[in-house]
Amino acid sequence: MLKKIVITLIVIIGYLLQTTFFKAITLAGIVPNILLIITSAFGFMRGKNEGMFIGFFSGLLIDVFFGKIIGFYALVYMFIGFVNGFFRRIFYPEDIKLPMILIGLSDLLYCFLCYIFLFLLRGKLHLSYYFVHIMLPEVVYTVLVTFIIYRIILFIDEWLKSFESR
Amino acid sequence: MRKRHGRNSFSVPSKYIFLILTILCVSMMILSFTTDLINGPLETVAGYTIVPFQKGIGAAGAWLTGRSDDLKKIKELTRENAELKERIDELTIRVNDLQRDKYELAELRSLFQLNEQYSDYNKIGARVIGKETGNWFSSFVIDKGSKDGIKPDMNVMSGSGLVGIVTSVGPNWANVRSIIDDSSNLSGMVMSTSDTLIVTGDLELMDEGYIRFSDLIDEGDMVVKGDQVVTSSISNKYLPGISVGFISEIEKDSNNLTKSGYITPAVDFKRLNTVLVVTDLKENPN
């Protein structure tokens, strides 16, 4: 129960940070994807199921406020949480390289899914522009922010685990 | 520990959960695309759980930026004040001229029995409390909703320029899609010549602060750089006569019939903290 409350709070705080704080300190108009870091991190720390549910609710939150139709971002984030769950077996908390690579790749995947479904299908074919100006900066910025956010999430996760094993 | 183990051995494999959630998402997409069944409840729930926090953060942020701006701007403002005083003198002369024209116009209008076309719209102010999470689109959430009388398709302004249009409404929040958003399209009109054109938001131009226009038929080459573009009276969602921006680049299309180019918006979308929602809706015959 405690775990559910804490994770819900993390998702809500992540969403609030992304829509307010990080929007105010954008680098070249680009925002890091905090909700993706949370989804992806819980995916490889806790497994597919948790990754999926956290992704689903993070995406739903975006859908309600900003989605053109409800369900699209929920599906994308859930998929990313699921895929990250496969890497639980090779995950060690001390190692920061794997989380950074995984989160970077997840963000790239997210960007491509967004491009394909929200832009390519509307006939916007200029992929090279979007890749250089939107996707690449977002991935780089997200990976940089991972340094800080991942440590916080890891700390909370270990604190939760210490509660569970009591 | 044993209890946890026991529960896990009965749990559903994740591939089935994945399948169930996928079906759920897809059915939600279909439902929200075709009907309004799930949007309403979700928007209400989100309105009461998330929006209060956003309002708090927004207010705190506005206070902080307000303080830092105060310190920074005193010097700037004194200089600006001197410049503006000169402008006032210039403008007073122009206002007098225009005033004279206005009387004449009113007189002529009454002669022709025409109504005043661009009467003042009713507006309510709102604060921006959250912006689009991703980098692909440009929409934002404001702190007024259906309880304050806001409905979808209401126009949103800032200062004298058009900002966008309300797309979805919760009880205490509303989502506004700005005109620089990649999926935004509106029918505009060049003020000087009354030629209509289509204004389209474009992600590729968002950084440079432009929006695209196209389909301008201007056979006499009357439209020039710097002309003001306003919303046209044939648009079915935008009220007529709201300033969109100024033409900054114009060129002939390869078909030799229409012209297209860039518009510099009248609103600074990077520093958008408060907006005005026009509560008059465009009346449609159907």
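Chain B contains five helices and twelve strands; helices (H or I, at least four residues) and strands (E, at least two) are DSSP runs numbered from the N terminus. Its radius of gyration is 24 Å, well over the 19 Å that the globule rule gives for 286 residues, so chain B is more spread out than a compact globule. The radius is taken over C-alpha atoms, and the rule is 2.2 Å times the number of residues to the power 0.38. This is a predicted model, in which local features need pLDDT of at least 70 and side-chain atom pairs count only at pLDDT 80 or more, while totals for chains, interfaces and linings use all residues. Residues are numbered from 1 along each chain as its sequence is written, and chains are lettered from A, with ligands numbered from 1, in the order in which they are written.

An automatic or database domain assignment divides chain B into domain 1 (15-48), domain 2 (58-116) and domain 3 (120-280). The centres of domain 2 and domain 3 of chain B, taken over C-alpha atoms, are 21 Å apart.

Chain A has six helices and zero strands, in the order α-α-α-α-α-α from the N terminus. A compact globule of 166 residues would have a radius of gyration near 15 Å, and the 16 Å of chain A agrees with this. One of the helices, α4(A), is mostly covered, with 14 of its 14 residues buried. A residue is buried if 20 or more other C-beta atoms lie within 10 Å of its own, exposed if 12 or fewer, and partly exposed in between, with C-beta atoms placed from the backbone. The end C-alpha atoms of α4(A) are 20 Å apart, which agrees with the 20 Å that its 14 residues should span at 1.5 Å a residue. The expected span is 1.5 Å times one less than the number of residues.

The table lists overall values for the two chains. Contacts are pairs of residues whose C-beta atoms, placed from the backbone, lie within 7 Å.

Between the chains, 34 residues of chain B are in contact with 35 residues of chain A. On the chain B side, α2 (14-34), α3 (39-49), α4 (51-112), β1 (123-131) and β2 (139-142) each supply at least two residues. The largest share of that side, eleven residues, comes from α2(B). By type, the chain B side holds 16 nonpolar, 13 polar and five charged residues. Here Ala, Val, Leu, Ile, Met, Phe, Trp, Tyr, Cys and Pro count as nonpolar, Asp, Glu, Lys and Arg as charged, and the others, Gly among them, as polar.

Helix α2(B) has 21 residues and reaches 30 Å from its first C-alpha to its last, close to the 30 Å expected at 1.5 Å a residue. Buried in this helix are B:L21, B:C25, B:M28 and B:S32. These residues cover an arc of only 65° around the axis, which puts them on the same side of α2(B); the arc is that of the directions from the helix axis to the C-beta atoms. The buried residues of α2(B) pack against α3 (48-66) and α4 (72-85) of chain A, together with α3 of chain B. The face of α2(B) turned away from its buried side carries exposed residues, among them B:K15, B:Y16, B:I23 and B:F33.

Notes:
Two residues are in contact if their C-beta atoms, placed from the backbone, lie within 7 Å.
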